[in-house]
Amino acid sequence: MSMRIYHDLHTERLAVDALLNTVSPQRRQQVMRHVRLSDRQSSLAAYLLLCRALRENYGIAEPPVFSFGPSGKPFLKDHPDIHFNLSHTEGIAVCVVADVPVGVDVERIRPIDRQVVDMVMSDDEQAEISLAEDSDTAFYRLWTRKEAYLKLTGEGLRDDMRNVLADTEGCLFQSLPLTEKASCTVVTRE
């Protein structure tokens, strides 16, 4: 399996207006849907990381255009054999390209409400979070595993988030230590 991971930990430095003309009209529209400048910067950074990954690994110079599967999972319209996934959060963007389906999620670690933990974590996961030295970090480690898995499968967020990780046999999860203030997980199938 071949997989490359790209990240930008300082997306707040991007000059969105100056860079929008370098991306596909499709991505330009996606970036501009975000209200906050920081979200626009992170969304644009994730796409620019994909552009870099495609150029460096596949010699593809044109800005990629996405098509979408039945469940909404994006794929490269002109290169459906190249698998990728993007994620971004406040000030951080991540892109993964691979020769197999892949999912990635990154989240800033911040204080989490106990009611949210009860709604989205299984009983075993709640116990793991309660026993952890840093419960917020433990929560986001599990959350990014869940979201990366759902992005791998193409499902996206669903009503029953508690049991997402109940049947992940055959999946390889990798935690990425980008920064101590964020949690990032990449997942592929074996």
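1. Start with a helix pair: α5 passes α6 in a right-handed crossing (the near helix is turned clockwise from the far one by less than a right angle). This is a predicted model, in which local features need pLDDT of at least 70 and side-chain atom pairs pLDDT 80 or more, while totals for chains, interfaces and linings use all residues. Numbering runs from 1 along each chain, and side-chain values use heavy atoms, without hydrogens or water.

2. The axes of α5 (residues 123–131) and α6 come within 7 Å and cross at roughly 145°. Axes are lines fitted to C-alpha atoms over the stretch in contact, with angles from 0 to 180 degrees between N-to-C directions. Helices are DSSP runs of H or I, at least four residues; strands are E, at least two.

3. Who touches whom? On α5, Glu125, Glu128 and Ile129 meet α6 residues including Ser135, Phe139 and Lys146; contact means heavy atoms within 4.5 Å. This contact has four nonpolar, one polar and four charged residues.

4. Next, α2 and α3 (residues 37–58). Their axes come within 8 Å and cross at roughly 155°. That makes α2 roughly antiparallel to α3 (an angle over 145 degrees). The crossing of α2 with α3 is right-handed.

5. From α2, Arg27, Gln30, Val31 and Met32 meet Arg40, Ser43, Leu44, Ala46 and Tyr47 of α3. Five of these contact residues are nonpolar, two polar and two charged.

6. The largest pocket has a volume of about 700 Å³. A pocket is an open set of points on a 1 Å grid where a 1.4 Å probe fits, with protein on both sides within 12 Å along at least five of seven lines; lining residues have an atom within 4 Å of a point. Of its 27 lining residues, Arg27, Gln30, Pro74, Leu86 and Lys151 are closest to the centre.

Key
Points joined across faces, edges and corners; volume = space filled by probe spheres on them. Parallel < 35°, antiparallel > 145°, perpendicular 65-115°, else oblique. Nonpolar A, V, L, I, M, F, W, Y, C, P; charged D, E, K, R; others polar.
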